[in-house]
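Turn the view as you read, and let the text point you from one place to the next.

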Amino acid sequence: MQFSKKSLNLDPSLETDRIVRFIQQNVRQTMRRSGGVVGISGGIDSAVVLALTVRAFGPQKTVGVMIPEKDSDPISEKLARELAAKFGITPILESITGALQGFDCYRRRDDAIRRVFPEFDDAKGYKAKLVLPPDLLEAGTLNFFSVTVVKPDGSEESRPLGPREFLEIVAASNLKQRSRMSMLYYHAEARNFAVIGTGNKNEHDQGFFVKYGDGGADIQPIAHLFKTQVYQLAHYLGVPEGIQKRTPTTDTYSAPQNQKEFFYRLPFETLDLLWFALDHEVTAGEAAKVIGLSEVQVQRAYDDITRKHRTTEYLRLLPPVLPPAASAPAS
Amino acid sequence: MTNASQAQPIENAIREFIAANLLYSAEGFTYADDVSFMQEGIIDSLGVVELVAFVQKQFGVIADQQEVAPDNFDSVAKLAAFVRRKQGGDQAKV
């Protein structure tokens, strides 16, 4: 295979038809459901999945649900409404702030942050996010999470997280994705529709999703697509410009946080090419020449991709089930 | 391959910690000291956080973010060497 910077290019028309058939066949014939529910976040992935679902079932059988909470960026709802209007559906707004307060999500998370930053106070305008070290290619650092606090005066400070704080912040934050999943299933079951997942290949294979949260869906129609390929489909399908130009965000923590600093540590244009090369057994030396990096940089990225896939394997596993015991031999 | 011995208190402590807290293994740490934690899937992002906290608590060694690198944290041997350098005040490598 000849590896080049164009290796990720796809035929968006053919790929759209293929995915639409995949959705129709699975949802109608296998699941016996008549339509689809999509959580629309104002991001590129859910925008593409909504457009594909409308193609599969029509706007009357497609439901787009906006599920913000108090830390969500208001621009997310605005963009989601633009998307819905573009594809002819009336979006449903379901705030989950009250549900998350019921779960004590915010207090649990903020208590953990305060053990690292005692002055942290959401009510006084402090915001927080989790971050990984930057520049994966330039420094061989490991995926060691820190918490960054944005103070009311706008200044930022980062401190490393201890294991207990790391686990508690992540566990509390994951209540958001799991609450959204519950709301999507409410709307799907109330109509005999299926929940259409919005995870791409980067999220699915690298474990950048919450098990039974945003990973909880009946079908994952774009889990085989690199992020840059999702953008190609978005352009073809006519996703609003504002969504196509938006920097991918987690929109999970109170401080603005892009996906690069939280998880991937590389721009998608570089990451996807490197990953494609790794998948197709292109040597680090050959990939380095094509992409314009050093061999050491490529190898660092290969190692990080491989490591994340391996250490997140359990997220993709179904719960193991013990097979029946062998019958007792006849006496 | 290097194995546990009384002459290696740092290595022993690292092995015991990983076996008990990251591998959840009753068999102890069965890898060689130069085996890569990353390549063997011994630690994930939580494991990195656990190891950083462990060396601070156990040895009084505080690792800066830039020091949390494969050169220092990717095997028992590398981590033990890192601890010795930090305890000895040798900042050249870190």
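A few ground rules come first. This is a predicted model, in which local features need pLDDT of at least 70 and side-chain atom pairs count only at pLDDT 80 or more, while totals for chains, interfaces and linings use all residues. Residues are numbered from 1 along each chain as its sequence is written, chains are lettered from A and ligands numbered from 1 in the order in which they are written, and side-chain values use heavy atoms, with hydrogens and water left out.

Chain B has 4 helices and 0 strands, where helices (H or I, at least four residues) and strands (E, at least two) are DSSP runs numbered from the N terminus. Its elements follow the order α-α-α-α from the N terminus on. Of the 94 residues in chain B, 49% are buried, meaning under 20% relative accessible area with a 1.4 Å probe and protein chains only; exposed is over 50%, and partly exposed lies in between. Taking contacts (heavy atoms within 4.5 Å) in chain B between residues at least 6 apart in sequence, 47% join residues at least 24 apart.

Now find α2 of chain B, residues 45-59. With 15 residues at 1.5 Å a residue, this helix should span 21 Å, the expected span being 1.5 Å times one less than the number of residues. Its end C-alpha atoms are 21 Å apart, which agrees. Just after the helix, Gly60(B) has a positive phi of about 70 degrees. The buried residues of α2(B) include Leu46(B), Val48(B), Leu51(B), Phe54(B) and Phe59(B). Among the elements that cover the buried residues are α1 (9-21), α3 (70-73) and α4 (76-88) of chain B, together with α6 of chain A.

That last helix leads us to the interface. How many residues does each chain bring to the contact? Chain A gives 17 residues and chain B gives 19 residues. Together the chains bury about 1,600 Å², 70% of it on carbon and sulfur atoms; buried area is the accessible area (1.4 Å probe) that two parts lose on being put together, summed over both. Leu142(A), Phe144(A) and Pro163(A) supply 37% of the area that chain A buries against chain B, more than any other three residues. Between the two chains the count is 0 salt bridges, a salt bridge being a side-chain nitrogen of Lys or Arg within 4 Å of a carboxyl oxygen of Asp or Glu.

Over all chains, however, the structure holds 28 salt bridges. One of them joins Lys227(A) and Asp45(A), whose closest N and O atoms are 2.8 Å apart. Lys227(A) lies in α8 (residues 227-237) of chain A and Asp45(A) in α2 (residues 44-57) of chain A, so the pair ties together parts 182 residues apart in sequence. Both Lys227(A) and Asp45(A) are buried.

Glu69(A) and Lys176(A) also meet in a salt bridge, at 3.1 Å from N to O. Because Glu69(A) lies in the loop between β2 (62-66) and α3 (74-86) of chain A and Lys176(A) in α6 of chain A, this pair ties together parts 107 residues apart in sequence. Glu69(A) and Lys176(A) are both buried.
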